[in-house]
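Q: I have a two-chain model open and would like to learn how to read its features one at a time. Could you take me through it?

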Amino acid sequence: MSEQKAYLLLANGQVLEGKSFGVTGTAIGEVVFTTGMVGYQETLTDPCLYGQIAVQTFPLNGNCGANSEDFESSKCWLKGYIVREWCETPSNFRCEKTIDAFMKEQNVIGLYGVDTRQLTRIIRENGVMNGMITTEDVYAKKEELLAQVQTYEITDAVKTVGTAEQKTYTVENAVHHVVMMDLGSKASVLEKLLARSCNVTVVPYNTTAEAILTLNPDGVMLTDGPGNPAENVEIIETVKKLVEAKVPMFGICLGHQLVALANGGETVKLKYGHRGGNQPVKEQSTGFVYVTTQNHGYAVVEESLDAAVAAVSHWNVNDKTCEGLVYNNAPVFTVQFYPEACGGPRDTTCLYDQFVTMMNKEGK
Amino acid sequence: MPLRSDIKKVLVIGSGPIVIGQAAEFDYAGTQACRALKEEGLEVILVNSNPATIMTDKAMADKIYIEPLNLDVVKRIIEIEKPDSVLSTLGGQTGLTLSMQLAKEGFLDTHGIKLLGANPETIDKAEDRQIFKDTMLSIGEPCIPSKVVESVKDALEYAEKIQYPVIVRPAFTLGGSGGGIAYNAAELHEIAENGLRLSPITQVLIEKNISGWKEIEFEVIRDSKANSITVCSMENVDPVGVHTGDSIVVAPAVTLSSKEYNMLRNAALNIVQALGVEGGCNCQFALHPTSLEYAVIEVNPRVSRSSALASKATGYPIAKVATKIAIGYTLDEIVNAVTGNTYACFEPAIDYLVVKFPRWPFDKFVYANRTLGTQMKATGEVMAIGTSFEQAMMKAVRSIELKLDSFNLPKLQMLSDTDVVRLLKRCDDERIFVVYEALKRDIEIGKIHNITKIDNWFLSKMQNLVKMECTLLKKELTPELYMQAKKMGFLDKTIQRLSGEDISKKQYASYKMVDTCAAEFKAETPYFYSTFDEENEAAQFLEEHKTDKKKILVFGSGPIRIGQGIEFDYCSVHCVWALKEEGYEAIIANNNPETVSTDFDTSDRLYFDPLTPEDVDSILETEKPWGAIVQFGGQTAIGLTKHLEAAGVNILGTSAKSIDEAEDRESFDALLAKCDIPRPEGKTVFQLSDALAAARELQYPVLLRPSYVLGGQNMIIAYSDADVEEYMNIILANGIENPVLIDKYMMGIEVEVDAICDGTDYLIPGIMEHIERAGIHSGDSISVYPAQRLTEANKKTIIEYTGRLAKALHVIGLVNIQYVIYNGEVYVIEVNPRSSRTVPYISKVTSVPMVDLATRIMLGATLKSLGYETGVHPISDYVAVKVPVFSFEKLHSVDTMLGPEMKSTGEVLGIAKTFDEALYKGLVAAGYKIKHEGGVLISVRDKDKEEVLPIAQSLENMGFQLYGTKGTAAYLTGHGLHAEAVNKISEGGFTVLDLLESGKVDYVISTSTKGRQPAREGVKIRRKAVERSIACLTAIDTAKVLVDCISLNRNIQDVELVDITQI
C-alpha cells in the first residue's frame, strides 16, 4: 500500500492530510459525500459525478475489488475519490482487480487515510465546496492553489459526459420505441428500457426536437446527468417543444430538472445534496414511502411551477424537497431519484412500468 | 395513520427468565416498548416472571405482574385487567408463543381483545416449517432443500434422499434447542429423536447442509401501509453452520458487492411483504460464496437478539418503532429520535464497523462440550465499534473479559504447526484464536479458508493484526508506528509489551458519534465510540452543551455471563435515573448491546467502549467527570476501582480501600476480628502441598476458591485429598496472581442480606434465606424473603453484624453479606461492598428503592434525610421466592449437580401471601411441572440416604412409583418403601438410562460424591434427565420443597395473582 502523502485542500483553506492511491498528481473538483455502504464501484463510474470529488462516508471500500460487470458507464467521470480505507486484499468471486488498480487504469486520483467523517461534517456544515487532491506539497504555494480551487466551476457537464453519437438498440418482439436523450446516463437506464420490450434509440443531448420526433418515438426518456441544470439552455428549449408535441415522456434526475425548467420552473442548489442509497421519498397518491438511491446537488423549487401545469407526485421525507412531478399539460412525469439504481435499492423500478403503461395508453 | 383510537389499555408479555438464547435483549426491547406505549398515554399491563428486569419496574407500567408465564396465568390476568389489546412481538419467543396460543384458542376474540404486532397467519408463515417453505416458494424466494417430518423414520428416509450431512431444526424451540448436524444415520437418529421431543408440536425440519456458505442477516421494519425499510445488514464471520448467536458478527455486511447486497435486501423486503409483518423482522440468508445463489434460512417476525444488536449498531430504536407501528403509526410519522429532525422511514447509514463477539460460559464449565453448531451456547455478547475491522475486533476481544488484550491465546503457542492446523478443523469458541495463531505461523490464508470457510476478507484483516504484532516486535517504535498500532486497536500496554519500549507520548482516544446517518444530518443524541482521529466529537459536544451540572461516570457490567447478569444492568440504569433526578449529568460506559443501559437515551451520554483501564482513561480524559460510580456494574466495574483511585478519580460511595479490605483475605480476617464476628476457619495457599496441609488441618469437607472471583468461579467443596488435587491442578494451570482460599465448609442455613449504608446508619430492606443449605452457590439457591426459619436471636445477630460490618467497612451505598447459621451460631461467609443479584427483586417486593437510595447517599444524602430509620425495614405482607433457572439443555456434558460454583443463567420470582403459594408459583414459573402421579428415580450418595427417606416416603404416599439405583433402592426397601431397583449404566441390561428413556420417570433425585466429569455415572444420569426434559433435583433441600409443594395439591387456577405496584 502506497505510503506517499497526499492532501485535500478545501476552498475554505482547510487541509486534510492522507495518503495517495490511484494515480498521483493534482485534481480539482467539487467535493461531495455519498453515504452508500455498498456500491463503491457504481459510484466510481457514475457519470453524474462528473467534475466532482466523491467522499465515501463508509470507511471500508473496495472490499470486493472491481469487476467488469458492475460499471455504470464506460469510464470514471469523477475528478477524485476519497476514502478512509481501501482494501488491498479484496475478496469476491467476481473480483478482477483492486480499486487502486482500477483507478490507475482510469487515471483517477485518490486519497485515503483521512478522517472522512470529519470531512463529511465540514461539507454538511458549510455546504458543498471545491477542493483539490494533490500529491504535491500543498503548503508551499497554498495561496496560489487556493485561488485555483476557488475559481473552479463545473461546466459543459452534459456535453462532455453524454453520448456523442446516435445509436439504436433493439430487442426481440419490441412493443415500443423509446428515444432516450443521453445526458450522461448510467448504463442501467438503458437496460431497464430494453428489459421492458422497448427498442431504444439513444441520441445526443443536442438532438433537436424535430429530429427526435422524426424518429417517431412512442416515448422519450430524459436521463440523469451531471452539472447545473440551468446551464443546459439548448436542451431546455428542445424539451419545451417535446412537451408541446405531447409525446409521452419520462425524466429522471437531471431530466426531471430540465422538464421543470422547460415548464417555467426553477431549480436551486442544495447545501450538500442527496447522495446515497437511503433517501426516503413519499409518493403523494399512495402515501407510500420508497427508499431511494440519489445523486444530485440541485432540486426543483416546488413553488416555482404553476399548479395548473404540474403537481408534486413525490417529496423527500427528510427535507421535504420536491422529488417527483406529474404534468397536466402533457403525458409527462419525472422523478428526482434513480428508479433503477443498481448502486442501491430497487424499490422504484415500477416507475419504468408506469412509463410503459403511459406509452400503451397514449399509443397511436 | 396515527394512534389507533380503539387502543387504550395494552398487555405486554415479557420473555421470562434469562436462558441461553433469550437474554437481556428482551428486557431492552420490552422496556422500550413500555416507554413507547406510556409516551402515547396508554395504560400498560405487564406480565413477566423475571424480577431482575427493568421492564418489571414500577416506573415502566401501570400494573405489573411478576407471575409464571403460562397460558392459564396470562388468561387470568386478562380477565382481571381487561386490556383491549395484547402486544405479542416484544417478549421473545416466549411472549410470541403465548400470544399465538391465546389467539388460536379464540380466547382473544371471545374477550374482544386485539392482537398487536403480529397476527397468527404471519407467525405461522414464519415459524411453521412447511407453511414457511410454501410461502417462500410462492414468492420465488429459494429455500434450502428440506422437509418437515414428525418421525425419526421419515427423517432417515429423507436424509438418504438429499444425502448427509443434514441439519435438524426442531420447530418452535428457543435458540435452536435440540437441533444439530448429523453426518450419518446413527447421529440423525439421536438428534431427530431429541428434537422431536423438544418441539412443542413434535416437528423437526431435515435440511440439506449448506455449511460454509456466507451467513447474512437483514433487520427489516414494515408498517401497516407496507412501507418497509432495512435497518441494517449483518454478516457472520463464522459461515453457515454456527448459530448466529455463537458467531462473530459484523455490521454492515462487508464482503458483498452491491449486486449481492441488493439481491438479498430485495429478498428480505419481499419476504416481509409476503408475511405481512407489521413491526420488526429478522431475515437470515445463506449466500453461496462463489455464485449468486442464495437461500433463506430463517425468518423471525419479532424483535430479537439480532434486532437489539442492529439497534445499537445503527442507533435506530427498532423495538420502539415496532411498538409505535403496532399501535397504528406508520414509518413516515415516527420521528428519528437520534437526529430529531428526520423520520423513522429511512435506512440508517453508518460510517464505522461494528463487531459483535459472543461470551461463552466455558471458563466456568470446563467439562462442557465447546463445539459450536446450530444450538446456541453463548450466554451474552459484547459489541465493539471501530473505524476499521481490526480496531473493532481488538476492542471486542478485550471486552469479553477473558483477560485477553489481543488474539494471542497463550496455550496455543506451545502447539506444533500440525496441531494448529488440526485445531482449525474444530469449530469451537476458540477458533478465531487458532486462526490468529495459524496466521502467525505463516500458514497460508487459502489453506485456513479451505478448512474454516471464513471469508478471505476477514482472514486478511486478521493477518493485518498479525503483521502489526510482528512489526511492533521487530521495528523501532516511531510515533508513526505507534499511531498505526493505536488505529488498529492495540492498547498501550500491548504495544509496550511487544516493542519493549516505553511510550513517550501517550495518545488518548478521540470520540465519534453514532448518529444513524453517517453525519449527513446533525444528530441530537450523544452516543459515542472511541477511535484515533484528530477530531473529538465528544469534546466538541461538551463544549457546545456546557452546563453547571456535575458529571458522573457510571460503569456498566459488560457482557452477560453466569454470575453477572441482567441485575447489574438494572442497577446501573436505576443509578443513572437517580443521578439525573438529583441534577447531575449521568454518563454510561458499557459494551453490552443487549442492555437498557446502552440505550441511547438512558444516560446523558453513552460511551460504547471496552471497560479496560486504558479505554476508561480516554473517557476520563475527554469527560473529566466530577465523580465515578463502580458499585453497580458487578465485578467488571469493581475491578476498575484500584485503577481509578490511582488516576485520582473521585470514586463515589464505598472507597477503594474498603472494597479491597473486603476482598483481601488477610485484611478481611482482621476486620472480622476487630468487629468480633466469626467466620468459618480458613487458610490461604498458593501451592498444592500447602492446600493439602491446610485442608487436613481444617478437616474435610472444605471449600476451595480463588480470591477475587465472581459467581463462585472455580469454587468447589472438597471431601478428600483427591478433590483438592484435581481442583488445584485446574486452577494452577491458568496461573494465579492471588491466593486460593480454603475454608472449613459449614453445612447450615445460608442467609443473605443486602443493606444500604450512609456511613452512620444502615437499612436492611429484608433478610433472605436459602432453601438449600450452604454449599450451593447463592445464585443457584432458592431464596426466600422474608426468612422463614430463623430464630429471633439469629435475626437480631444478623442485623447487628450487618450494621457493624457496614460501619467498619465505611460502606457508602450498597453492601451484600452472606451468612451461614451453623449449630445455632451466625457466621459470615462473604461480604461484597457492591450491588448484588438480589437487589432488583428485594427492591420490588419491599418497595425500598435500593439503588435509588444508595445513589443519593453516595451524593451526600443520609438515610435519615431520605426518611428511613436505621436497622431492618418492616416486613412486607408478601413472601417472595426466587427460583434459579438453568440452561443445561444447551450445554452438553455439563454436570447439572449444584455446588458452590454458580450454574444458573437466570431466575424467576413467585410472590404470594404465603410461603407455600409463593414457592409454588416460583417453581411453576421456573418450568417445574407439578405432577401428582408418575415415577421418581432416586439415586443418591450414602450421606444423603437418610435424608431422602422421608421425601421418598412422601412421594410413595402420594402414589408415585419409586425407582432407585441398587444401593438407594435397597436402602429405601430396607426402610419399608417399595422401590424398584434398576441397573447402573456400568451393570448393563435395562439400566437407569433405559428407564429414563422409557418415559416412566417424571422426577429424578440425583446426588453424587463425585461430579463434573462427563464420564461419571451420576453425571450421565443427570444429563439424560436434561435431554429427556425430566426435572432433576440435585440437592436434598430442593427435592424436599418440591415434594412439599406437590403434596399441597395446588392448582395454578387457585393462586392469587399479585400486581406488585400495589405492594
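Q: What share of the 1063 residues of chain B count as buried?

A: First the idea: a residue is buried if 20 or more other C-beta atoms lie within 10 Å of its own, exposed if 12 or fewer, and partly exposed in between, with C-beta atoms placed from the backbone. In chain B, 60% of the 1063 residues count as buried. Please keep in mind that this is a predicted model, in which local features need pLDDT of at least 70, side-chain atom pairs count only at pLDDT 80 or more, and totals for chains, interfaces and linings use all residues. Residues are numbered from 1 along each chain as its sequence is written, while chains are lettered from A and ligands numbered from 1 in the order in which they are written.

Q: Why does the radius of gyration of chain B agree with a compact globule?

A: The radius of gyration is taken over C-alpha atoms, and the globule rule is 2.2 Å times the number of residues to the power 0.38. With 1063 residues, that rule puts a compact globule near 31 Å, and chain B has 28 Å, which agrees. Along the principal axes, the C-alpha atoms of chain B fill a box of roughly 75 × 70 × 70 Å.

Q: What part of the contacts in chain B comes from residues 24 or more positions apart?

A: Two residues are in contact if their C-beta atoms, placed from the backbone, lie within 7 Å. Among contacts in chain B with a separation of 6 or more, 71% are between residues 24 or more positions apart.

Q: How many helices and strands does chain B have?

A: Helices (H or I, at least four residues) and strands (E, at least two) are DSSP runs, numbered from the N terminus. Chain B has 36 helices and 39 strands.

Q: Is helix H11 of chain B enclosed or open?

A: Helix H11 (residues 318–326) of chain B is largely enclosed by the rest of the structure, because 9 of its 9 residues are buried. Among them are Lys320(B) and Lys324(B), along with Ile318(B) and Val321(B). After H11(B) comes Gly328(B), with a positive phi near 120°.

Q: How do I read strand pairing, and which strands does E30(B) join?

A: Two strands pair if DSSP finds at least two bridges between them. Strand E27 (residues 749–758) of chain B runs antiparallel to E30(B), with 10 bridges joining them; here Ile749(B) has Ile821(B) as its bridge partner. E30(B) is also joined to strand E31 (residues 825–832) of chain B by 7 antiparallel bridges, and Tyr819(B) stands opposite Val828(B) in E31(B). The hairpin of E30(B) and E31(B) has 2 residues between the strands, and Asn823(B) in the turn has a positive phi of about 50°. Strand E30 (residues 812–822) itself is mostly covered, with 8 of its 11 residues buried.

Q: What is the strand order in the open sheet with parallel pairing?

A: Its 5 strands have the order E3-E2-E1-E4-E5 in chain B. Strand E3 (63–65) and strand E5 (114–116) of chain B are the edge strands, each pairing on one side only. The twist averages 20° from one strand to the next. Strands E1 (residues 9–13) and E2 (residues 43–47) of chain B pair in parallel over 5 bridges, with Val47(B) in E2(B) as the partner of Ile13(B). Helix H3 (residues 92–104) of chain B lies across E1, E4 and E5, at about 125° to E1(B).

Q: Which elements give two or more residues to the side of chain B that touches chain A?

A: For the overall count, 44 residues of chain B are in contact with 40 residues of chain A. On the chain B side, the elements giving two or more residues are helix H9 (258–275) and helix H16 (456–474). H9(B) supplies the largest share, 6 residues. For the classes, Ala, Val, Leu, Ile, Met, Phe, Trp, Tyr, Cys and Pro count as nonpolar, Asp, Glu, Lys and Arg as charged, and the others, Gly among them, as polar. By class, this side of chain B has 19 nonpolar, 13 polar and 12 charged residues.

Key:
Axes fitted to C-alpha atoms, helices over the stretch in contact; angles between N-to-C directions.
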